[in-house]
Amino acid sequence: MRTLLLITDDVQRGQRLARDLTARGTCHVHDLYEDRLPAPGFDVIVSDLETISSDAIIRLRRALAQVRTDGQPYLFLVHGNAARAEAQARILGASATAGVQQVLTALDQLRGSPIPLSARATAAEARQFFRGALFSGGTITPTVADAGTDLVVRAVGESGIYDWVRAVQQFDDATHQHCLIVAALAAAFSGALGLRSADRHRLTRAALLHDVGKIHVPIEILNKPERLTHSEMAVMQTHAVRGHAMLVGVGFDDEVLGAVRSHHEMLDGSGYPDALKGREIPDFVRLVTVCDVYGALIERRSYRPPLAGGQAYGILQGMIGQLDDDLTRAFRPIAAAFDPSV
C-alpha cells in the first residue's frame with residue numbers, strides 16, 4: 001500500500017481529507033505547527049495550507065527539507081488565492097498543484113513516480129520464488145503453490161495492486177510477469193467480490209498456476225518478438241493441457257485443475273482446448289479468465305507496449321458473448337486502480 005504524508009495547518013480539516021486519501025494509500029496527518037516531524041520514507045507528500053503566511057511557508061519549507069527525498073512526488077493543495085498558491089508551490093518545488101476537490105485525480109497523475117521500495121522488494125521475492133519453485137521443472141505440490149499464493153496475497157495487501165503490478169511489469173521474462181500479475185489481479189478481484197478467505201486463496205492460487213504448462217513451450221516461441229504463426233500458436237496452445245497434466249494427481253482440487261486447463265475457454269465456444277460453451281465453463285474458471293485477459297492487455301509484450309488501464313477495460317467490455325458480462329462489470333474497480341477514468 002502506498003504511504004502518504006499530509007502536512008496541514010488545520011488538523012481537523014486534514015483528518016477529514018485523509019479519509020478521502022486512504023483510497024490511494026495509508027495517510028499520516030502531520031500538524032504543520034508540531035515541531036517533531038515523522039521519519040522520511042513516504043511515497044507521496046501532500047501539503048494542505050489554507051493560510052499562506054510567512055511563518056507557514058518557513059515551517060513547510062523546513063518540514064520538506066527533512067522528510068522529502070530527491071524526486072519524491074509532492075502535491076501542493078490550493079486554497080483561495082490560486083495565483084499566490086501557484087507561485088509558492090513553484091518556490092517549494094512542488095511536483096503539481098490541485099484544488100481539494102481534485103486531489104485524488106492529481107495523486108493518480110503523480111503515480112508515474114518511482115515504485116515504492118516495498119513493492120520492488122516483494123516483487124523480487126516473488127520472482128525468485130516463481131523461478132525456483134514453479135518453473136524449475138520440479139514437481140509442483142499444493143504446499144509449494146500455497147507459499148507462492150501467500151506471497152502474492154501479502155504483496156497486494158502491503159503494496160497495493162497498482163504499485164506491485166508496476167514492479168512486476170519491470171520483469172524481462174513475460175511468463176513470470178504474466179502469472180504474477182494475473183495472480184495479483186485475482187487476489188484483488190476476489191476481495192472486491194467479497195469472497196471468503198479460503199475462496200480468495202484458491203482463486204489466487206489457480207491464477208498463479210494457470211500458465212505453468214508454458215514450461216513445455218520452446219523459449220523461442222514464448223519470447224518471439226513478433227506475433228506467432230499459425231503453427232507456433234498451435235504449440236503455444238498446448239500449455240493449457242500440459243499444465244493440467246502436471247498438476248493432476250498431486251493433491252490439487254478440481255477447481256484449480258479446471259482453471260489451469262480451461263482458462264482460455266470462451267462462452268461462445270471459440271476457446272481452447274475443449275471448445276467449452278456457456279454453462280460448461282464454471283464460474284471459477286470465468287473469474288480467472290477475466291483476470292488473465294486483462295493482465296495480458298496491460299503487460300508489455302515483445303511486439304507491443306502495455307495498454308492503458310481504460311483501454312484494456314474497454315476491450316474486456318467489447319468481448320460480449322465471450323467473457324461473463326456480470327464479472328466484467330464487477331471487475332471495474334480493479335481496472336480503476338490502473339486508470340481512474342474507468
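## A covered helix

Helix H7, spanning residues 161–168, is mostly covered, with eight of its eight residues buried. Keep in mind as you explore that this is a predicted model.

**Around helix H7**

- The buried residues of H7 are Ile161, Tyr162, Asp163, Trp164, Val165, Arg166, Ala167 and Val168.
- Which helices do the buried residues of H7 pack against? They pack against helix H5 (117–134), helix H6 (142–159), helix H8 (174–192) and helix H14 (283–298).

**Aromatic rings**

- How many aromatic pairs does the structure hold? There are five aromatic pairs.
- In one of them, the ring centres of Phe189 and Phe331 are 5.0 Å apart and the ring planes meet at 85 degrees, so this pair is edge-to-face; the cut-off for that label is an angle over 60 degrees.
- This pair links distant parts of the chain, 142 residues apart: Phe189 belongs to helix H8, while Phe331 sits in the loop between helix H16 (325–330) and helix H17 (332–336).
- Phe189 and Phe331 are both buried.
- Ring pairs also link Tyr162, Phe189, Tyr294, Phe331 and Phe338 into a cluster.

- Five strands form an open sheet in the order S2-S1-S3-S4-S5, with parallel pairing.
- Which strands are at the edges? Strand S2 (26–31) and strand S5 (96–99) are the edge strands, and each pairs on one side only.
- On average, neighbouring strands of this sheet are turned by 25 degrees against each other, direction ignored.
- Strand S1 (residues 3–8) runs parallel to S2, and six bridges join the two. Here Leu4 of the chain stands opposite Cys27 in S2.
- S4 and S5 are also paired in the parallel sense, over four bridges. In this part of the sheet, Val78 stands opposite Gly99 in S5.
- To get from S4 to S5 the chain passes through H3, making a right-handed β-α-β crossover.

**Helices lying across the sheet**

- Helix H1 (residues 11–21) lies across S1, S2, strand S3 (44–48) and strand S4 (74–78). The direction of H1 is at about 155 degrees to S1.
- Helix H3 (residues 82–92) lies across S4 and S5, and runs at about 160 degrees to S4.

- Most residues other than glycine have a negative phi, and most peptide bonds are trans.
- Where is a cis peptide bond found? The bond from Tyr272 to Pro273 is cis, with omega near 10 degrees. Pro273 is in the loop between helix H13 (254–262) and H14.
- Ala275 lies in the loop between H13 and H14, and has a positive phi of about 50 degrees although it is not a glycine.
- Ala275 is partly exposed, with a relative accessible area of 43%.

**A closer look at Leu222**

- Leu222 is part of helix H10 (residues 219–222).
- Is Leu222 buried or exposed? Leu222 counts as buried because its relative accessibility is 17%, and the cut-off for buried is under 20%.
- Leaving out residues up to four places away in sequence, Leu222 touches Thr175, Lys214, Val217 and Met236.
- Leu222 and Arg154 are 68 residues apart along the chain, and their C-alpha atoms are separated by 29 Å.

Technical notes. Residues are numbered from 1 along each chain as its sequence is written. This is a predicted model: local features need pLDDT of at least 70, side-chain atom pairs count only at pLDDT 80 or more; totals for chains, interfaces and linings use all residues. Side-chain values use heavy atoms; hydrogens and water are left out. Two strands pair if DSSP finds at least two bridges between them. Axes are lines fitted to C-alpha atoms, for helices over the stretch in contact, and angles run from 0 to 180 degrees between N-to-C directions. Contact means heavy atoms within 4.5 Å. Buried means under 20% relative accessible area, exposed over 50%, partly exposed in between (1.4 Å probe, protein chains only). A crossover is right-handed if, with the strands pointing away from the viewer, the path from the first strand over the helix to the second runs clockwise. Rings of Phe, Tyr and Trp (its six-membered ring) pair if their centres lie within 6.5 Å; planes under 30 degrees apart count as stacked, over 60 as edge-to-face and the rest as tilted.
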